[in-house]
Amino acid sequence: MSEAMHPLAPHHLPGFIVAPGETDVLFTGSVIFIIALLMVLGSLYFWLHSLPERIAHGASQVQFQLVAVLALLALFTHINVFWVAALLLAIVPIPDFWTPLSTMAESLARMAAGRRQAPADMPAASAPEAIAAGSPLSVNDAPSSQVRVVELTDGKTFEAPSAPPDDQHRVPANEERRP
């Protein structure tokens, strides 16, 4: 076959036109560029999609999990409202209600444990010192007429004093209480 140009072909061909059988450098370069561009855009998409989770990373565990679930729903369903909701939830901090409530419950449990009656052999004047020292006081040593069994709603039972130990400090109903 001859290397001569066809007589009807233009005399000035552009540089990207190659002879038959040679490698098309422009096409190969374009394919590599498109694949690299798709990889970069995909990485940017996933990086942007994980933005709410990265913002909520320092928040509470419940808030982080809610944001993560909303972000995954947005990723798999392509419903952008989920992603916007995840972003707003990540930005706005949810107040922590559980910690104060659990602290109050622990304090009340300690107070209830401290109000148990002193044993019969312990004088009444030393009970506050025993409570301050942290030694547990039991109602088992009290006379059985002053102890009653209380059943809770979950089926558990415990023994409680039937009368407060300091009856002499009670204000009678007909007297006025002072602040």
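# A guided reading of the predicted model

Of the contacts in the protein between residues at least 6 apart in sequence, 26% join residues at least 24 apart, where contact means heavy atoms within 4.5 Å. The structure is a predicted model, in which local features need pLDDT of at least 70 and side-chain atom pairs count only at pLDDT 80 or more, while totals for chains, interfaces and linings use all residues. Residues are numbered from 1 along each chain as its sequence is written, and side-chain values use heavy atoms, with hydrogens and water left out.

The protein holds 6 helices and 2 strands, arranged along the sequence in the pattern α-α-α-α-α-α-β-β. Helices (H or I, at least four residues) and strands (E, at least two) are DSSP runs, numbered from the N terminus. Of the 179 residues, 13% are buried; here buried means under 20% relative accessible area, exposed over 50%, and partly exposed in between (1.4 Å probe, protein chains only). The accessible surface comes to about 14,900 Å², and 67% of this surface belongs to carbon and sulfur atoms. Such areas come from the Shrake-Rupley method with a 1.4 Å probe, and for residues only the protein chains shown count as cover.

Helix H1 spans residues 25-49 and includes Leu37. Because its relative accessibility is 35%, Leu37 counts as partly exposed. Leu37 belongs to a nonpolar surface patch with Phe33, Ile34, Leu38, Leu41, Leu44, Trp47 and Leu48, which together have about 810 Å² of accessible area. A patch consists of residues with over 30% relative accessible area and no salt bridge, with like charges joined within 9 Å and nonpolar side chains (Val, Leu, Ile, Met, Phe, Trp, Tyr) within 5 Å. A salt bridge is a side-chain nitrogen of Lys or Arg within 4 Å of a carboxyl oxygen of Asp or Glu.

H1 also packs with helix H3 (residues 61-77) at an angle of about 145°, their axes lying 11 Å apart. Tyr45, Phe46 and His49 of H1 make this contact with Ala71, Ala74 and Leu75 of H3. These residues divide into 5 nonpolar, 1 polar and no charged. Axes are lines fitted to C-alpha atoms, for helices over the stretch in contact, and angles run from 0 to 180 degrees between N-to-C directions.

His49 of H1 counts as buried because its relative accessibility is 9%. Beyond its neighbours within four places in sequence, His49 is in contact with Ala71, Ala74, Leu75 and Trp83. Gln63, in helix H3, is likewise buried, with a relative accessible area of 3%.

His78 lies in the loop between H3 and helix H4 (80-91). Its relative accessible area is 59%, so His78 is exposed. Most residues other than glycine have a negative phi. His78, although not a glycine, has a positive phi of about 60°.

Technical notes
Ala, Val, Leu, Ile, Met, Phe, Trp, Tyr, Cys and Pro count as nonpolar, Asp, Glu, Lys and Arg as charged, and the others, Gly among them, as polar.
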